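Q: I'm new to this structure, so please pick one part and take a close look at it with me.

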Amino acid sequence: MTHTPATSREAGPATFSSLDPATGKVLADHPVHGPADVADAVGRTRRAAERWAALPAAGRRSRLLAWKRELAGRLDSVASTVAAETGKPRTDAELELLLTLGHLDWAARHAGRLLRRRRVGSGWLAANQAATVVHRPLGVIGVIGPWNYPVYTPMGSIGYALAAGNGVVFKPSEYTPATGVALAEAFDAAVPEFTGLLTVVTGAGPTGEALARAGVDKVAFTGSPGTARKVMAVCAESLTPMLAECGGKDAVIVTADADLDTAADAIVWGAMGNAGQTCAGVERVYAVREIHDDLCRRVVERAGQLRPGTGTDASYGPMTMPSQTQVVARHVAEAVAAGAVTALGGGDSVADPFVAPVVLTGVPEDSPAMTEETFGPVVVVNAVADAQQAVDLANASRYALGAAVFCGSRRTGARLAARLRAGAVSVNSVLGFAAVPALPFGGSGDSGFGRVHGAAGLLAFTAPQSVTVRRFAPPVDLTSFATPAARKARAAALVRGLHRRR
Ligand code: NAD
């Protein structure tokens, strides 16, 4: 079965179809926006953004909260759209929306205080200057989104960019265009006088590329590292700054004293939820040898009860992107060929579009199942000698996005978390950070760079402007040709002396 969005050019402007990933049936047709359409969208958004930036912070806050209330009112219909386009269960789509509302609320309420002009100390050499800094919006942000969390993920950029005073042109994934359109429609309904501030352009890679070329002031990209490299190359041509939220190969460490039921439950949810198509999903588990077999048994017991499919009793849905099924199949096959043990499922579990849960153990560290993003309902539970080896192996990935530690002692868990090369770590839960809007989220290495969410996620869409105002003439003006050299030398000696003493 092929269910890649198809493009048509038969009459009028080109369109493409979004498809139900479970059946391949057409859901709707959407325009393929080309460079001219994208340029128009950026121009329209820029005009609205100028008015938006000129509003007092309280004006933006009240309007963004109106949008939040509108989205809360439309939650059922937007969740249905998300479920239809991604194939994920309705309840998962609702949770995604609830998390998003929390983030939008936080961004709207905190932007004014975090970004407003504030005084800073001016130092000995500039004691006569009043120094302030303000974080100003960049202008128009081009947001390029993925399909796996088509509301939560792009809204980490869209909501925070708008709260920081920018306009946004959003290019949703070609797998989830109607979800993107629904977000903008809710904005226009709630804030009609700023129609155009959030504009959606639809299409596949070329539309995203056109957006990166369209003179936006920053690109906020979420997707795979391979695409991030292409977008970055385009941004490099015009020195357009970029934020890259890419994939992950998240590790979970389980120590000997951990609550194994809690750990197993969280591992199964983190690995299999959304059919494993979560950037910060659980892909690798390092369990110390004493409890490894016990943990595996509990993981297998829980994962074995899951049922992929459609309908209200499905644990998770189909693979949204068909090509990913082949990646999952290759990872499982290569792991087994290299000597891995299939504790649950195996090669036969991987079918298009539904992949049954797979639990592997004893997978060699150089196997693709350990080094590449699998993005399917597959989890590897490997045994390690101790927590130190677990940390070393967890850190040995080219990805560095999220991680989790399960440990009997919260203090030891936090210490282990501090040693992990990851942008966000949960202790005794998985993905605990995703529901806390004040916490920045992002990675390094092949997981990308920059942060969404929290204060850092607001600052990401601003540029600081520094201003000094001379309050009085300095006793010795070091920046004037009129000051005699001897006075300058005495002042310099005084300041140097101060630095040597402190
Ligand atoms: P993808 O890289 O295939 O596509 C992402 C977006 O980029 C889509 O909108 C696509 O149309 C667009 N695109 C494709 N080619 C382009 C080009 N040349 N120029 C500009 N835009 C282009 O990724 P995907 O399959 O949609 O998403 C899955 C990936 O996203 C996974 O790797 C997942 O881990 C990652 N992800 C990361 C996060 C995070 O916050 N770190 C969140 C969700 C998903």
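A: L239 is found in the loop between α8 and β10 (242-245); helices (DSSP runs of H or I, at least four residues) and strands (runs of E, at least two) are numbered from the N terminus. This is a predicted model, where local features need pLDDT of at least 70, side-chain atom pairs count only at pLDDT 80 or more, and totals for chains, interfaces and linings use all residues. Residues are numbered from 1 along each chain as its sequence is written, and side-chain values use heavy atoms, leaving out hydrogens and water. L239 has a positive phi, near 50°, although it is not a glycine.

Now follow α8 to the ligand. The helix α8 (225-238), along with α7 (205-213) and β9 (218-222), gives at least two residues to the ligand's shell. That shell holds 30 residues, with G145, K171, E174, S224 and E373 the closest; a residue is near the ligand if one of its heavy atoms lies within 4 Å. By type, 13 are nonpolar, eleven polar and six charged, with Gly counted as polar and Asp, Glu, Lys and Arg as charged.

Some side chains make polar contacts, meaning pairs of N or O atoms within 3.5 Å. K171 has a polar side-chain atom 2.6 Å from a ligand oxygen, W147 has one at 2.7 Å from a ligand oxygen, and an N or O atom in the side chain of T227 is also 2.7 Å from a ligand oxygen. The protein covers 91% of the 850 Å² of accessible area the ligand has on its own (Shrake-Rupley method, 1.4 Å probe).

Finally, the ligand lies between domain 1 (6-246 + 454-463) and domain 2 (250-437), because both give residues to its shell; the domain bounds come from an automatic or database assignment.

Technical notes: A polar contact is a pair of N or O atoms within 3.5 Å; within protein, one must be able to donate a hydrogen and the other to accept it, and residues adjacent in sequence count only if both atoms are side-chain atoms.
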